Amino acid sequence: YGNISELYQINLKDYSIAFQDLKNIMPQSDLYNMILAPLNTKISTLAASSIAMENKNIQICYLPMEQYNQDEFSTPSNDCTYFTIY
């Protein structure tokens, strides 16, 4: 936890790209026990849970919003986003 050596960014607007981004950075080995924290965006949460369903060594840690971004958590709009999960 205290020795984070790499930071990654994933796409938060497209589920398919977010899923592939996560898949590309997750080690493909049974030697690791991994925890993903999607940080309350709907698309990243769906992508993370899809990855976790494929790999039994991945766990999801879901933090309440107030622990990391309370002041700038959400901005309302009239936009509607939809996508198909395969």
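Biologist: Why is S44 called buried?

Modeller: Its relative accessible area is 3%, and buried means under 20%, with exposed over 50% and partly exposed in between, using a 1.4 Å probe and protein chains only. So S44 is buried. Keep in mind that this is a predicted model, where local features need pLDDT of at least 70, side-chain atom pairs count only at pLDDT 80 or more, and totals for chains, interfaces and linings use all residues. Residues are numbered from 1 along each chain as its sequence is written, and side-chain values use heavy atoms, with hydrogens and water left out.

Biologist: Where does S44 lie, and which residues does S44 touch, not counting residues up to four places away in sequence?

Modeller: S44 lies in helix α2. Leaving aside residues up to four places away in sequence, S44 touches I10, L12 and P38, where contact means heavy atoms within 4.5 Å. The C-alpha atoms of S44 and N11 are 7.9 Å apart, though 33 residues separate the two along the chain.

Biologist: How many helices and strands does the chain have?

Modeller: There are 2 helices and 2 strands, in the pattern α-β-α-β along the sequence. Helices (H or I, at least four residues) and strands (E, at least two) are DSSP runs, numbered from the N terminus. As for burial, 22% of the 86 residues count as buried.

Biologist: What makes α1 and α2 oblique to each other?

Modeller: Two packed helices are described by the angle between their axes and the distance between the axes. Here the axes of α1 (residues 15–25) and α2 come within 9 Å and cross at roughly 50 degrees. Axes are lines fitted to C-alpha atoms, for helices over the stretch in contact, and angles run from 0 to 180 degrees between N-to-C directions. Under 35 degrees counts as roughly parallel, over 145 as roughly antiparallel, 65 to 115 as roughly perpendicular, and the rest as oblique. α1 and α2 are therefore oblique to each other.

Biologist: Which residues of α1 and α2 make the contact?

Modeller: From α1 come Y15, A18, F19, L22 and K23, and from α2 come I43, L46, A47, A48, S50, I51 and E54.

Biologist: How do you know whether S50 is buried or exposed?

Modeller: S50 has 14% relative accessibility, so S50 counts as buried. This residue lies in helix α2 (residues 42–54). S50 touches Y15 and F19, again not counting residues up to four places away in sequence. Also, a polar atom of the S50 side chain lies 2.9 Å from the backbone oxygen of L46.

Biologist: And Y15, buried or exposed, and why?

Modeller: Y15 has a relative accessible area of 7%, so Y15 is buried. Y15 has its place in helix α1.

Biologist: Why is I60 called partly exposed?

Modeller: I60 has 37% relative accessibility, so I60 counts as partly exposed. I60 lies in strand β2 (residues 58–60). Not counting residues up to four places away in sequence, I60 touches L36, P38, A48, S49 and A52. For I60 and L36, 24 residues apart in sequence, the C-alpha atoms are 5.0 Å apart.

Biologist: What makes I25 partly exposed?

Modeller: The relative accessible area of I25 is 28%, so I25 is partly exposed. I25 is found in helix α1, and its C-alpha is 10.0 Å from that of Q9, 16 residues away in sequence.

Conventions: Polar contact = N/O pair within 3.5 Å; in protein donor to acceptor, adjacent residues only side chain to side chain.
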